[in-house]
Amino acid sequence: MCGVCGCGEGHSHSHDHDHDHDHDHDHDHSHDHPHHDHDAEHSHAPGLSQARMVQIEQDILSKNNQYAAENRRYFSERGMLVLNLVSSPGSGKTTLLTETIGRLKDDLNIAVIEGDQQTTRDAERIRATGVPALQINTGKGCHLDAHRVGHALESLELKEHSLLFIENVGNLVCPSSFDLGEAHKVVILSVTEGEDKPIKYPDMFHAADLMILNKTDLLPHLDFDVEQCIQYAKQVNPRIKILSLSAKTGEGMDSWLRWLKAELELQRIDYA
């Protein structure tokens, strides 16, 4: 668990943006970020008992869940669809986002929160599509959390019934435990990664509502068993939905777009 493993030790985070907008998102910013609430630098810290580590972990997740509940209320009050995109590095999340935005931006209000340890490269790629994107750099931190996302909302002009993508830090471990207030976690798995990822990282695939099998255009050149991958995913999470596509060629993208529109319509119905 990230909160006690020291992954965020000594890091600082920043939002790369030039906006100065206020809204009624009622975070209490006098609180410390959940990452900073633990008093142990590493899980193997001398003198730190297993029971104490478990308590610290529970405290971190409890505070994160409080912020997530605030975020969720904010999204619900505006009829928004918010997706937490998670994956290993190099799965094609950003390419999938840019291709998705290109197909939907004329019909929907879209915004993106980008999470990376360093640089603003992905946010710049998103902004080039014409939609607002805010970069959060986590430093040594290996995931986004609900408090950071809440701060980001202060700088994005999110309209009612918007579609908000949160592109998490590339990591199939810690992001599985941190609720950001999203409607769904969407895990992206590239066919270049191996079909056994779902059973190697079961917590992430269990937490996700949708798995996107990406880069299917490369299947003729790889020894990747699609059916075995799907079987592993269903073994870990029988309720998970699975879509196969290639963001590069566009094959399978229509199914993804239909799923997005249907989920956004559900949020609008609940809002009404």
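This is a predicted model: local features need pLDDT of at least 70, side-chain atom pairs count only at pLDDT 80 or more; totals for chains, interfaces and linings use all residues.
Residues are numbered from 1 along each chain as its sequence is written, and side-chain values use heavy atoms, with hydrogens and water left out.

View 1. Helix H8 spans residues 226-236, and its buried residues are Cys-229, Tyr-232, Ala-233 and Val-236. Here, buried means under 20% relative accessible area, exposed means over 50%, and partly exposed lies in between (1.4 Å probe, protein chains only). Helices (H or I, at least four residues) and strands (E, at least two) are DSSP runs, numbered from the N terminus. On the other side of H8, Glu-227 and Gln-235 are exposed. The buried residues of H8 pack against several elements, including strand S6 (184-190), helix H7 (202-207) and strand S8 (241-244), where contact means heavy atoms within 4.5 Å. At the start of the helix, a side-chain oxygen of Asp-225 comes to within 3.2 Å of the backbone nitrogen of Glu-227.

View 2. Lys-200 counts as exposed, at 54% relative accessibility, whereas Asp-196 counts as partly exposed, at 26%. A search of the whole structure finds nine salt bridges.

**View 3. The salt bridge between Glu-77 and Arg-78.** The side chains of Glu-77 and Arg-78 meet at 3.6 Å, N to O. Glu-77 is partly exposed, with a relative accessible area of 45%, while Arg-78 is buried, with a relative accessible area of 13%.

View 4. Glu-265 forms a salt bridge with Arg-268, and the closest N and O atoms are 3.9 Å apart. Both residues lie in helix H9 (residues 253-271), where they are three residues apart, about one turn of the helix. An α-helix has 3.6 residues a turn, so residues three or four places apart point the same way. Glu-265 counts as partly exposed at 38% relative accessibility, and Arg-268 is partly exposed with a relative accessible area of 29%.

Notes:
A polar contact is a pair of N or O atoms within 3.5 Å; within protein, one must be able to donate a hydrogen and the other to accept it, and residues adjacent in sequence count only if both atoms are side-chain atoms. A salt bridge is a side-chain nitrogen of Lys or Arg within 4 Å of a carboxyl oxygen of Asp or Glu.
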